[in-house]
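Please keep the sequence and the structure in view while reading.

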Number of protein chains: 2
Amino acid sequence: MVLVDIGNTNIHIWIDGKTVNKKSPEKYDGRVYYISVNKEKEKIFKKLNPDAVNLEKYVLFDTAYKGLGIDRIMACKSISDGVVVDAGSAVTIDIMQENRHLGGIIMPGIYAFKQAFGTISEVLQFNPDIINTFYPNNTSEALNMGSVGAIKCMIEKYSQNRKVYITGGDGEFLSRVIENSEYIEDLVFLGMLKTIKELEKK
Amino acid sequence: MVLVDIGNTNIHIWIDGKTVNKKSPEKYDGRVYYISVNKEKEKIFKKLNPDAVNLEKYVLFDTAYKGLGIDRIMACKSISDGVVVDAGSAVTIDIMQENRHLGGIIMPGIYAFKQAFGTISEVLQFNPDIINTFYPNNTSEALNMGSVGAIKCMIEKYSQNRKVYITGGDGEFLSRVIENSEYIEDLVFLGMLKTIKELEKK
């Protein structure tokens, strides 16, 4: 079985439990299930894999949020209670309570923060790092606190006593910054597998 | 007396208590004092106003922060105790305690957040608004919380019981979002005036 998660920047592929990231769509053998938030890449992918099943049509998910991205739905679907963070091009923060999605936040991803600072002034440069000071005392620390620290601030605002589950390209890094958090590489795929199981039960 | 604050985007001018914003440097009559964070614009300004005094050389300010922008120094100099926010191209958050600067944070400005979201995906659009829900339930609310809400989160993290003084182009808007805050249009100029007074005492 092949699961494909077509994102804005990368395409994430799960083949029998192993994951790999690609820039462009490819042709896959066997049963192929997919989700997509990028219409251009999806078109190319569908031409190469005409029998692939779009799980967006079948997923059951309890939320009042209008227009929730299918990748966020899948990541959240695998968690009953907690804060679900997908740290990619954007950082999404979604709150789950008893299998219900209460709402969510979208922040720029760490790379987008870096780009944003660079657009304001060429002197605003930093390397994302863990946070080891409360009062930044140079430009690099100030920018790290204003980006990584701001993401941390928002996650902690919503986590309170909830556990935080983090996925995505910057997920492993972020999980080192956020207390009571766990990095789960396959969070989106776990939701896709759960959706396939529900489909098969019908 | 004319005070000039040359920023990255705008040039702010104070003429005998009245303020005005310009895009390009101009020639001024009388005593001219200035500060600048933009070397290109400063060069043009100095050609037009060769006798203008750069207050950066004379300002006294107690901080351990290396490379603190002169506009931030001037805004902070006018406040003894509190959080000083300058909401322009970037949002800077500086903490003052008994006339001492404890440290500061740099976040993208609201426009930079909008641009950053647009770079990630064209569907990530919103209009900055006050925050009236804890759990965002659509893209617009999610982006507003992830930008305006993130700025609010960081300011509140540092304000605790301190009063918040806000200046800059988005300052009036932000002051409506932040509790225990006051918008002061002339904050940077108040610091410049204080510096000139100290100079004259010598």
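A residue counts as buried when its relative accessible area is under 20%. In this predicted model, B:Cys153 has a relative accessible area of 8%, so B:Cys153 is buried, and A:Cys153, at 6%, is buried too.

**The disulfide**

A disulfide is a covalent bond between the sulfur atoms of two cysteines. Over all chains the structure holds one disulfide, which is formed by A:Cys153 and B:Cys153, with their sulfur atoms 2.3 Å apart. This link crosses between chains, running from helix H4 (residues 139-159) of chain A to helix H4 (residues 139-159) of chain B, and it is left-handed, with -100° about the S-S bond.

| Cysteine | Relative accessibility |
|---|---|
| A:Cys153 | 6% |
| B:Cys153 | 8% |
| A:Cys76 | 0% |
| B:Cys76 | 0% |

**Two crossing helices**

In chain A, the axes of helix H2 (residues 70-77) and helix H6 (residues 187-201) come within 6 Å and cross at roughly 80°, and therefore H2(A) and H6(A) are roughly perpendicular to each other. Among the residues that make this contact are A:Asp71 and A:Met74 of H2(A), together with A:Leu187 and A:Glu198 of H6(A). Sorted by class, the contact of H2(A) with H6(A) has five nonpolar, two polar and four charged residues.

Note on methods:
Residues are numbered from 1 along each chain as its sequence is written. Chains are lettered from A and ligands numbered from 1 in the order in which they are written. This is a predicted model: local features need pLDDT of at least 70, side-chain atom pairs count only at pLDDT 80 or more; totals for chains, interfaces and linings use all residues. Side-chain values use heavy atoms; hydrogens and water are left out. Axes are lines fitted to C-alpha atoms, for helices over the stretch in contact, and angles run from 0 to 180 degrees between N-to-C directions. Helices (H or I, at least four residues) and strands (E, at least two) are DSSP runs, numbered from the N terminus. Angles under 35 degrees count as roughly parallel, over 145 as roughly antiparallel, 65 to 115 as roughly perpendicular and the rest as oblique. Contact means heavy atoms within 4.5 Å. Ala, Val, Leu, Ile, Met, Phe, Trp, Tyr, Cys and Pro count as nonpolar, Asp, Glu, Lys and Arg as charged, and the others, Gly among them, as polar. A disulfide is a pair of cysteine sulfur atoms within 2.5 Å. Buried means under 20% relative accessible area, exposed over 50%, partly exposed in between (1.4 Å probe, protein chains only).
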